[in-house]
Amino acid sequence: MPTTLITGASSGLGAEMARQLADRGWDLALAARRTERLEELRDEIVAKHPGRRVELRALDVTDDDQVFEVFRAFRDDFGVIDRVVVNAGLGKGAPIGTGRYDANRQTAMTNFVAALAQCEAAMEIFRDQKRGHLVMISSVSAMRGMRKTVTTYAATKAGVAALAEGLRNEMLGEPDLDIRVSTIYPGYIRSEMNERVKKTPFIVDTRTGVAAMVDAMEKEKANALVPAWPWVPLGKAMRHLPLPLVRKIM
């Protein structure tokens, strides 16, 4: 069976991705800091799909050495890793200049620098295999600079999208490598990261939102705003509208 490696798989969008990919016939390599949550998720998946293979490893994505060790170990487990989903992320943040550099730095290191390490580790495997599918989880907030508590988060997600596009650009010039790169821009999807946020417009439940994400992955889309409604038209509007109007949308 094909294998997908997912980071940040112990909860939220990552855990639901694992469930839905298992439903679609994928074996899974799941990594996160909280191994007890991973074990519960594995037991749930295997109970539903007795033939499914699910391997687990503890991973703090901000530990560069551990990222490479874990990715290589999963490759050794399965022989081939067909897809890597760079999903682990953090939503902390504070308005710039208000004394919470610690929170903004933690978000930047987790969402971008750690994502870079995961890309390096994934691409090392894919180059050796000469094939693979790299999926970067960005955000609709990457469309434009955001204000207040979301400023740093949005900047990291824009960086992730640019990193993915750079790799996609490079692979166009590598005909001997069958490596595809997808950037997924989730809109507002309810998860543990945002469960305390109330009155969020256009928000969908976790299962619905992740189903749209997984559909885009399976189609290996280069870029996908999900769910398509309303985020495809809103995303285009956010890119081109004057900033005062963007403030009214987001």
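Which helix does Pro 230 lie in? Pro 230 lies in helix H7. The model is predicted.

1. **Sheet layout.** The sheet is open and has 7 strands. Their order is E3-E2-E1-E4-E5-E6-E7, and the pairing is parallel. Strands E3 (54-58) and E7 (223-226) form the edges, each pairing on one side only. From one strand to the next, the twist averages 15°.

2. **Strand E5.** E5 spans residues 131-137. Of its 7 residues, 6 are buried, so the strand is largely enclosed by the rest of the structure. In the strand order, E5 stands between E4 and E6.

3. **E4 to E5.** Strand E4 covers residues 83-86. E4 and E5 run parallel and are joined by 4 bridges. Val 84 stands opposite Leu 134 in E5. Between the two strands the chain passes through helix H4 (residues 101-129), and this β-α-β crossover is right-handed.

4. **E5 to E6.** Strand E6 takes in residues 178-186. Its pairing with E5 is parallel, over 7 bridges. Leu 134 has Val 181 as its bridge partner in E6. The chain goes from E5 through helix H5 (residues 151-172) to E6, in a right-handed β-α-β crossover.

5. **Thr 107.** This residue is in helix H4. Is Thr 107 buried or exposed? Its relative accessibility is 0%, so Thr 107 counts as buried. Beyond its neighbours within four places in sequence, Thr 107 is in contact with Leu 90, Gly 91, Lys 92, Gly 93, Phe 112, Thr 152, Tyr 153 and Thr 156.

6. **H1 against H6.** Helix H1 (residues 12-23) and helix H6 (residues 206-218) have axes that come within 9 Å. The axes cross at roughly 60°. The two helices are therefore oblique to each other. The crossing is right-handed. On the H1 side, residues in the contact include Leu 13, Glu 16, Met 17, Gln 20 and Leu 21. On the H6 side, they include Arg 207, Val 210, Ala 211, Met 213, Val 214 and Met 217.

7. **Cis peptide bonds.** Most peptide bonds are trans. Pro 227 is in the loop between E7 and helix H7 (228-240). A cis bond also joins Trp 229 and Pro 230, with omega about 5°. Pro 230 is the residue in helix H7 that opened this note.

8. **Positive phi.** Most residues other than glycine have a negative phi. Lys 130 is not a glycine, yet its phi is positive, about 70°. Lys 130 is in the loop between H4 and E5. Glu 220 also has a positive phi, near 55°, and is a residue other than glycine. Glu 220 lies in the loop between H6 and E7. Its relative accessible area is 32%, so Glu 220 is partly exposed.

Key. Residues are numbered from 1 along each chain as its sequence is written. This is a predicted model: local features need pLDDT of at least 70, side-chain atom pairs count only at pLDDT 80 or more; totals for chains, interfaces and linings use all residues. Side-chain values use heavy atoms; hydrogens and water are left out. Buried means under 20% relative accessible area, exposed over 50%, partly exposed in between (1.4 Å probe, protein chains only). Two strands pair if DSSP finds at least two bridges between them. A crossover is right-handed if, with the strands pointing away from the viewer, the path from the first strand over the helix to the second runs clockwise. Axes are lines fitted to C-alpha atoms, for helices over the stretch in contact, and angles run from 0 to 180 degrees between N-to-C directions. Angles under 35 degrees count as roughly parallel, over 145 as roughly antiparallel, 65 to 115 as roughly perpendicular and the rest as oblique. A crossing is left-handed if the near helix is turned anticlockwise from the far one by less than a right angle, and right-handed if clockwise. Contact means heavy atoms within 4.5 Å.
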